[in-house]
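Subject: Structure for you to look over

Hello,

Here is the structure I promised to hand over. Please open it first, then read my notes below.

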Amino acid sequence: MEEQKQEESLKHLGEEEEEEEEESVSESVRDLPSDAVKELLSEGVCARCVFRLFGLQGRVYASPPSLSFLSSLSATTHQLCTLCFGILQFTYYSDDTQTPLQNQNLPLLIADTVKRLAYQFHTFSLEVSIPPIILNNDNSLRSYMKTKFGSQSWFQENLLTGCISTKDALKFSLIYPLKNLLECKSSMGNFRIRLTYTHTKASKGDQNRSDSAETCKRRKIGESNLVGEIPISKSLENDSSDGCEFLLEKANEPCHFTLFCYRTPFYFGGRYLKYSRNVSQTCWIIDDERMGEASVEEIIGGNILQACQGDGFKFHAAGREDIDVRMLGPGRPFLVEVQNARHIPSELFVKDVEKKINNMENKLVRVKNLKLVGSEGWDLMREGEAEKQKQYAALVWISRPLKDEDFQCISSHKDLKVLQRTPIRVLHRRSPLEREKIIHWMKIEAIAGSSQYFLLHLCTQAGTYIKEFVHGDLGRTYPSIGSILGCRAEILQLDVTDIKMECFLT
């Protein structure tokens, strides 16, 4: 009961604040210089463009009384604005119409579209793109106003305040009603509503602007006229102090309007383990034939994408292992970037996705420590990546029986420098280079009942080709296990047992 009273009190307080703000808005509109307002309206400038030319901000653009008051001063009705080409009049062409839509309830259209697309969001932000010709017209009209009204006190004050752009005026016009329709606040979050306006005269205007600049080179920046076919006023030509005409590009049709909603990417970080020797890290297709039975990318990214209801995803990992190499131990760090997700992942949501992946029947891949991270996940992945160390366990065969002294011979090598030329097996897709890598330590583990097979445990610098370090790659890697032991050596199986990086360990 007490909470209900508190909500009603807050609502009443909010309504009082809105009424006070509305009254303040009305006063600001009534205080505008009537001669200049009527002059602008007679030239086909819409009410919202008048507001922005005088530097008004905020709720005035969404205030029906203020808009009606200003419109009542105009002798013409339903005329396309000569400045904004109908953008601030909510008049436009859309993909679904052959004739222009006039004075539409644009906030309601946007709200209905957003709800239909079924996005989850707590805040929204507006992004607006308009044709450059409108900015050109703004500059031209400002020059005209300076010529005609520059000596008046209100114009001097307005110079300090500055003109509001069409983009910002449109945002003011939409944000207030959208906050009520969408029942959330407007702030720079991850959910964006993008409004794009284009016009057929845009390219023509840009060309004319270049031509005009050639003929008016002496004009100062900020006062330059932009394009035009029709003078805004006859008096302008006579009053212009620099001898160049200030022209305004007029249009007979409104802009083309498109609405697009999107969400900035979500990033999921964690570590994966790969238990199969027939699973690639990413989807691997050669000559339309799939290599391996699955990929880590598809198993992890596909499940996250489906849960988030996104448009697509990108899989990033800290290095990669070959398709026939298992990834064991604490796992390999990875990031999944989900584009344009409809659902907002909660902590419980992330745990459910991790559980779903780990409970798959085939048990090819497992995920650890999956969590939602920001774009700083990239920094975590990059930290120490170049200097990271990797540990391996390799099943090795040699051409002679293993001797007791071989154990000491191998383990005695610390921070062994190895020179590796690009391996023959990847030479078709990698540049032929020589790389110096470091084997930090290694040791042999004997296999009971076998004299020529053993497990080689080793820790190396990132980027070391382990298979080539074992067999020597026809002398392209030196030294190698074969050259150290003085016999032929072959690697039969390889596992990554640890990647020394701090990210996503817990």
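Contacts in the protein chain with a separation of 6 or more come, for 75%, from residues 24 or more positions apart. Please keep in mind that this is a predicted model. The protein chain has 506 residues, and 47% of them count as buried. It holds 16 helices and 20 strands.

Helix α5

Start with α5, which covers residues 106–116. Its buried residues are Leu106, Pro107, Ile110, Ala111, Thr113 and Val114. Looking down the axis of α5, these buried residues fall within an arc of 165 degrees, so they line one face of the helix. The other side of α5 has Lys115 and Arg116, and both are exposed. What lies over the buried residues of α5? The cover includes α8 (166–182), β3 (191–198) and β6 (256–263). After α5 comes Ala118, with a positive phi near 60 degrees.

Aromatic pairs

Next, the rings. A pair of aromatic rings is described by the distance of the centres and the angle of the planes. How many aromatic pairs does a search of the whole structure find? The search finds 10. One of them joins Phe121 and Phe191. Their ring centres are 4.5 Å apart and their planes stand at 15 degrees, so this pair is stacked. The cut-off for stacked is planes under 30 degrees apart. The pair links distant parts of the chain, 70 residues apart. Phe121 sits in the loop between α5 and β1 (123–129), while Phe191 belongs to strand β3. Recall that β3 is also among the elements that cover the buried residues of α5.

Tyr272 and Phe334 form another aromatic pair. This one is tilted, with 6.2 Å from centre to centre and 50 degrees between the planes. Tyr272 lies in strand β7 (residues 266–274) and Phe334 in strand β13 (residues 326–339), so the pair ties together parts that are 62 residues apart in sequence. Tyr272 is buried, at 0% relative accessibility. Phe334 is buried as well, with a relative accessible area of 0%.

There is also a cluster. Ring pairs link Phe51, Tyr61 and Phe172 in it.

The largest pocket

Now the open space. The largest pocket holds about 800 Å³. Its lining has 27 residues. Which of them lie nearest the centre of the pocket? They are Arg320, Glu321, Asp322, Arg430 and Tyr465. Four elements to look for in the lining are β15 (389–398), β17 (434–446), α15 (466–471) and β20 (489–499). Each of these supplies at least two lining residues. By class, 10 residues of the lining are nonpolar, 6 are polar and 11 are charged.

Backbone points

Most residues other than glycine have a negative phi, and most peptide bonds are trans. A few places here are worth a look with that in mind.

Asp287 is not a glycine, yet its phi is positive, at about 50 degrees. You will find Asp287 in the loop between β9 (285–286) and β10 (289–290). Asp287 counts as exposed, at 76% relative accessibility.

Leu474 also has a positive phi, near 55 degrees. Its place is in the loop between α15 and β19. Leu474 counts as exposed, at 78% relative accessibility.

Pro479 lies in the loop between β19 (477–478) and α16 (481–485).

One last spot

Val37 lies in helix α2 (residues 34–42). Val37 is buried, with a relative accessible area of 2%. Its C-alpha atom is 9.5 Å from that of Phe54. Along the chain, Val37 and Phe54 are 17 residues apart.

Over to you.

Best wishes

Definitions and conventions. Residues are numbered from 1 along each chain as its sequence is written. This is a predicted model: local features need pLDDT of at least 70, side-chain atom pairs count only at pLDDT 80 or more; totals for chains, interfaces and linings use all residues. Side-chain values use heavy atoms; hydrogens and water are left out. Buried means under 20% relative accessible area, exposed over 50%, partly exposed in between (1.4 Å probe, protein chains only). The arc is that of the directions from the helix axis to the C-beta atoms. Contact means heavy atoms within 4.5 Å. On a 1 Å grid over the protein atoms alone, a cavity is a set of points where a 1.4 Å probe fits but cannot get out, and a pocket is an open set with protein on both sides within 12 Å along at least five of seven lines; lining residues have an atom within 4 Å of a point. Grid points are joined across faces, edges and corners, and a volume is the space filled by probe spheres set on the points. Ala, Val, Leu, Ile, Met, Phe, Trp, Tyr, Cys and Pro count as nonpolar, Asp, Glu, Lys and Arg as charged, and the others, Gly among them, as polar. Rings of Phe, Tyr and Trp (its six-membered ring) pair if their centres lie within 6.5 Å; planes under 30 degrees apart count as stacked, over 60 as edge-to-face and the rest as tilted.
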